[in-house]
Amino acid sequence: MVQGNLGYATAAFTLDVYGHVTEQMKRESADRMDCFIKNIAAG
């Protein structure tokens, strides 16, 4: 359970906290992770 790992009492609270993530935010995060991984791989 995600909420248990995060220390939240309910799944509803978890959704309230993280439910606002948009598709644009997901793409930007994925792009940052891609850049980070490529930098590590390049040494």
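Glu23 is partly exposed, with a relative accessible area of 48%. The model it sits in is predicted. Its side chain meets that of Lys26 in a salt bridge, 3.2 Å from N to O. Lys26 is partly exposed as well, at 44% relative accessibility. Why are Glu23 and Lys26 about one helical turn apart? They are separated by about one turn because they stand three residues apart in helix 3. An α-helix has 3.6 residues a turn, so residues three or four places apart point the same way. Side chains of opposite charge can pair when their charged atoms come close.

**A second pair**

The side chains of Asp34 and Lys38 meet in a salt bridge of 3.0 Å, N to O. Both residues lie in helix 3, four residues apart, or about one turn of the helix. Asp34 is partly exposed at 37% relative accessible area. Lys38 reaches 52% and counts as exposed, because the cut-off for exposed is over 50%. How many salt bridges does a search of the whole structure find? It finds two.

| Glu23 and Lys26 | 3.2 Å | three residues |

**Helix 3 and its ends**

Helix 3 covers residues 23-42, which is 20 residues. From its first C-alpha to its last, helix 3 reaches 29 Å. That is close to the 28 Å expected at 1.5 Å a residue. Just after helix 3 comes Gly43, with a positive phi of about 85 degrees.

Thr22 is partly exposed, at 36% relative accessibility. Its C-alpha atom is separated by 18 Å from that of Asp34, 12 residues away along the chain.

Gln24 has its place in helix 3. It is partly exposed, with 41% relative accessible area. Gln24 and Ala11 are 13 residues apart along the chain, and their C-alpha atoms are separated by 24 Å.

At 41% relative accessibility, Leu6 is partly exposed.

**The whole protein**

The secondary structure comes to three helices and zero strands. From the N terminus on, the elements run α-α-α. Along the principal axes, the C-alpha atoms fill a box of roughly 40 × 20 × 10 Å.

Of the 43 residues in the protein, 5% are buried. The accessible surface comes to about 3800 Å². Carbon and sulfur atoms account for 62% of that surface.

The protein has 4 positive and 5 negative charges. How far apart are their mean positions? They lie 4 Å apart.

Methods. Residues are numbered from 1 along each chain as its sequence is written. This is a predicted model: local features need pLDDT of at least 70, side-chain atom pairs count only at pLDDT 80 or more; totals for chains, interfaces and linings use all residues. Side-chain values use heavy atoms; hydrogens and water are left out. Buried means under 20% relative accessible area, exposed over 50%, partly exposed in between (1.4 Å probe, protein chains only). Helices (H or I, at least four residues) and strands (E, at least two) are DSSP runs, numbered from the N terminus. The expected span of a helix is 1.5 Å times one less than its number of residues. Accessible areas come from the Shrake-Rupley method with a 1.4 Å probe; for residues, only the protein chains shown count as cover. Lys and Arg count as positive and Asp and Glu as negative; His and the chain ends are not counted. The place of a charge is taken as NZ of Lys, CZ of Arg, CG of Asp or CD of Glu. A salt bridge is a side-chain nitrogen of Lys or Arg within 4 Å of a carboxyl oxygen of Asp or Glu.
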